[in-house]
Amino acid sequence: FIMTNKYMYFVANWKMYGALSSLNTLNKVIKFSKSKDINKGRLIYCPPYTLISSFSKKFKNCQIGIGGQNCHEGENYGPYTGSVNAHMLKNIGAQFVIIGHSENRERGENDKLINLKIKSALRAKLKVIFCIGETLNQKKQKKTRSILSKQIKVGLNNIKNKSNIFIAYEPVWAIGSGFIPKSEDLFTTVQYIKSKFKVNFPKVLYGGSVNTQNITSLKEINNLDGFLIGGASQNAKKFIDIVKKTYT
Ligand code: PGA
C-alpha cells in the first residue's frame, strides 16, 4: 500500500479567524494547488462566513474547494437573526459545510439538531463534513465507541444516500491541545466508524492538533482519507507542508 497514491482531502478549518487581509496568504496555496505535488488530493478551505465569497472568487480558476463551518437547519429564509442556512452558503459559492463541530456541540448543538442541519445541507447540494468525537471523560470511561455510534446513528438518521458525507473523527481532547491519539487506537477507531456503514464506506478524516511534525506518523494510518486541520491551516506554509509531507 502506497500512501502517495491515495486521494486525500485536506480541510482547513479557520474557525473564528481571518480578515480580508488574509486573502494574500492564499496566493501560495493556489500556486501549490496547481503543482503536481497535489495531483492526488484536494484542498478545501472553510473560512468564517464573512470570507466565503472572497475566497470563492479567489479560487475561481483552481481546484481548491470552499466550505462553511456551520449552517442553520432552516431551508427557507426566516427570522433567525445571525444565522445563515445551507442554501445561502451554496449561493455564495460554497460546496462543503462542516456540521457538528465539537465547538458548536459544546454550545448546545445536539445530535438531533445536527441531523436536521445535515439534511438541509444535502438538500442544498452541499457536501457535508460531519464531525464526531468523544470527550476526555468519555474516553476515560471507555465510552468512545458508544458515543461515536450514537453520534452517527442520530446524526445520520433517515439519510439514505450518504455519498456526499465525509466523517471527521475529532476527539474533543485532541482539538487544539497538541495531543493526538495513539496510532493503533486511531486506526481501530476509524475501522469502527467505517464498520457502522454497511455499504459505501464514507471517507473518514482525522482532526485534532494535526501539525507539520505529527503528520509523518498520521499519514501512516492507511484507513484515513484525509485531515481536518485547525490551527496549522491558518498558516499557508504550514498547511502546504502538511500536504507535502503526506505525499513524501
Ligand atoms: P486543531 O483544530 O487542528 O487546531 O486542533 C481542529 C478542528 O477543530 O477542526
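**Close-up views of a predicted model**

**View 1. Lysine 15 is tucked away rather than out in the open.** Lysine 15 counts as buried, since its relative accessibility is 18% and the cut-off for buried is under 20%. You'll find lysine 15 in the loop between strand S1 (8-13) and helix H1 (26-33). Its phi is positive, about 50°, even though lysine 15 is not a glycine. Keep in mind as you look around that this is a predicted model.

**View 2. Serine 209 is another loop residue with a positive phi.** Here we're in the loop between strand S7 (203-207) and helix H9 (215-218), where serine 209 is found. Serine 209 isn't a glycine, yet its phi is positive and near 60°. Buried or exposed? With a relative accessibility of 16%, serine 209 counts as buried.

**View 3. Asparagine 61 sits out on an exposed loop.** The loop in question runs between helix H2 (49-58) and strand S3 (65-68). Asparagine 61 has a relative accessible area of 64%, so it passes the over 50% cut-off for exposed. Look for lysine 34 as well: it is 27 residues away from asparagine 61 along the chain, and their C-alpha atoms are separated by 9.7 Å.

View 4. At the start of H5, asparagine 110 has a side-chain oxygen within 3.1 Å of the backbone nitrogen of lysine 112. Just after the helix comes lysine 125, with a positive phi of about 65°.

**View 5. What do the buried residues of H5 pack against?** Their partners are helix H3 (86-91), strand S4 (96-99), helix H4 (102-105), strand S5 (127-132), helix H7 and strand S6 (165-169). The buried residues include Ile114, Ile118, Ala121 and Leu122. Serine 120, also in H5, is buried at 1% relative accessibility. Leaving aside residues up to four places away in sequence, serine 120 touches Cys71, His72, Glu73, Glu75 and Ala86.

**View 6. Helices H7 (residues 144-155) and H8 (residues 183-195) cross at roughly 35°.** Their axes come within 10 Å, and the crossing is right-handed. On the H7 side, the contact is made by Arg145, Leu148, Ser149 and Ile152, while H8 brings Thr188, Thr189, Tyr192 and Ile193. Sorted by type, these contact residues are four nonpolar, three polar and one charged.

Conventions
Residues are numbered from 1 along each chain as its sequence is written. This is a predicted model: local features need pLDDT of at least 70, side-chain atom pairs count only at pLDDT 80 or more; totals for chains, interfaces and linings use all residues. Side-chain values use heavy atoms; hydrogens and water are left out. Axes are lines fitted to C-alpha atoms, for helices over the stretch in contact, and angles run from 0 to 180 degrees between N-to-C directions. Helices (H or I, at least four residues) and strands (E, at least two) are DSSP runs, numbered from the N terminus. A crossing is left-handed if the near helix is turned anticlockwise from the far one by less than a right angle, and right-handed if clockwise. Contact means heavy atoms within 4.5 Å. Ala, Val, Leu, Ile, Met, Phe, Trp, Tyr, Cys and Pro count as nonpolar, Asp, Glu, Lys and Arg as charged, and the others, Gly among them, as polar. Buried means under 20% relative accessible area, exposed over 50%, partly exposed in between (1.4 Å probe, protein chains only). A polar contact is a pair of N or O atoms within 3.5 Å; within protein, one must be able to donate a hydrogen and the other to accept it, and residues adjacent in sequence count only if both atoms are side-chain atoms.
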